[in-house]
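Reader: I would like to learn how to read charges and metal sites in a model. Please take me through it feature by feature.

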Amino acid sequence: MILEVSEVSKVYEGVNRSLTVLDDINFSVEEGETVAIVGASGSGKTTLLGLCAGLDVSSSGEIRLVNHHLNLLSENDKAEVRNKHIGFIFQNFQLLPTLTAMENVMLPLELQDKAAEAGHKAKELLERVGLGDRMNHYPNQLSGGEQQRVSLARAFSNTPDILFADEPTGNLDDETSVVVEKLLFDLNKEHNTTLVIVTHDMELARKTSRIIRLKGGKIMTDEKVKA
Ligand SMILES: Nc1ncnc2c1ncn2[C@@H]1O[C@H](COP(=O)(O)OP(=O)(O)OP(=O)(O)O)[C@@H](O)[C@H]1O
Ligand SMILES: [Mg+2]
């Protein structure tokens with residue numbers, strides 16, 4: 001198993017009441033599996049993805065990711081696991097505003113002392129997502145869909161073992177969505193990259209091997225997709 005989520009809850013403590021956003025979540029994902037997480041707005045999808053990737057800390061429960069108990073790792077160790085093994089596509093992109101598209105994509109490799117190959121790899125990935133002519137633009141000079149594609153190229157740059165994607169096609173037109181979807185599933189086929197994709201797009205969800213449906217912070221269903 002590349003990801004094991006056991007009895008995970010997330011509670012936000014307010015001034016006079018607490019809000020349970022995730023309530024006793026249990027599931028595990030095998031290497032190479034493709035999983036969609038679906039559910040209404042506010043059902044806890046982004047929160048769950050952040051916990052799985054070690055970007056956020058649960059209130060209780062355990063998460064094992066690429067053979068690491070996330071609870072037992074320091075922030076630095078978690079960052080190292082993320083750099084080496086994880087790709088993450090944020091719902092709101094989270095590109096660094098002071099870096100160009102090219103520099104944003106190069107960063108994960110540079111952080112792993114792979115600066116020598118970073119430029120070449122970044123160029124190749126940006127061309128694959130159709131941004132060969134936008135490489136030196138800054139995020140504020142790019143449209144939402146273009147930023148999303150830079151974020152995708154960045155998430156691919158370290159050839160992750162597992163890729164978490166939060167609405168990877170949420171801001172894209174149909175044609176670009178097809179390109180992005182193909183990239184995701186090609187990555188899975190070429191490198192056996194595990195995909196965990198949050199999406200509202202049921203057509204995309206049905207292309208994965210399994211759909212987990214969240215409702216009010218609980219798993220309602222967890223079903224294999226029939227081929
Ligand atoms: N820092 C926070 N403090 C308090 N409540 C929060 C915080 N972050 C998220 N929430 C709440 O947790 C719930 C789940 O949020 P989350 O972003 O995981 O939903 P989602 O399923 O990704 O929704 P969407 O489809 O709109 O992206 C929401 O009700 C949200 O208001
Ligand atoms: Mg969300």
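Reader: Which residues gather in a patch of negative charge on the surface?

Author: Start with the rule. Lys and Arg count as positive, Asp and Glu as negative, with His and the chain ends not counted. A patch takes residues with over 30% relative accessible area and no salt bridge, joining like charges within 9 Å and nonpolar side chains (Val, Leu, Ile, Met, Phe, Trp, Tyr) within 5 Å. Each charge is placed at NZ of Lys, CZ of Arg, CG of Asp or CD of Glu. Areas come from the Shrake-Rupley method with a 1.4 Å probe, and for residues only the protein chains shown count as cover. Here the patch holds Asp 173, Asp 174, Glu 175 and Glu 203.

This is a predicted model: local features need pLDDT of at least 70, side-chain atom pairs need pLDDT 80 or more, and totals for chains, interfaces and linings use all residues. Residues are numbered from 1 along each chain as its sequence is written, chains are lettered from A and ligands numbered from 1 in the order written, and side-chain values use heavy atoms, leaving out hydrogens and water.

Reader: Is Glu 203 buried or exposed?

Author: Buried means under 20% relative accessible area, exposed over 50%, and partly exposed in between (1.4 Å probe, protein chains only). Glu 203 has 57%, so the residue is exposed. Glu 203 lies in helix H7, residues 202-205. Helices (H or I, at least four residues) and strands (E, at least two) are DSSP runs numbered from the N terminus.

Reader: Which residues coordinate the magnesium ion?

Author: Donors are N, O and S atoms within 2.8 Å of the metal (3.2 Å for Na, K and Ca); water is not among the atoms, so sites may look incomplete. Thr 46 (OG1) and Gln 91 (OE1) coordinate the magnesium ion, ligand 2, at 2.0 to 2.4 Å. Thr 46 sits in helix H1 (45-52) and Gln 91 in the loop between strand S6 (86-89) and helix H3 (101-111), so the pair ties together parts 45 residues apart in sequence.

Reader: How many salt bridges does a search of the whole structure find?

Author: Side chains of opposite charge can pair when their charged atoms come close. The test is a side-chain nitrogen of Lys or Arg within 4 Å of a carboxyl oxygen of Asp or Glu. The search finds 13. One joins Asp 23 and Lys 218, with the closest N and O atoms 3.0 Å apart. That pair links strand S2 (18-29) to strand S10 (218-224), 195 residues apart.
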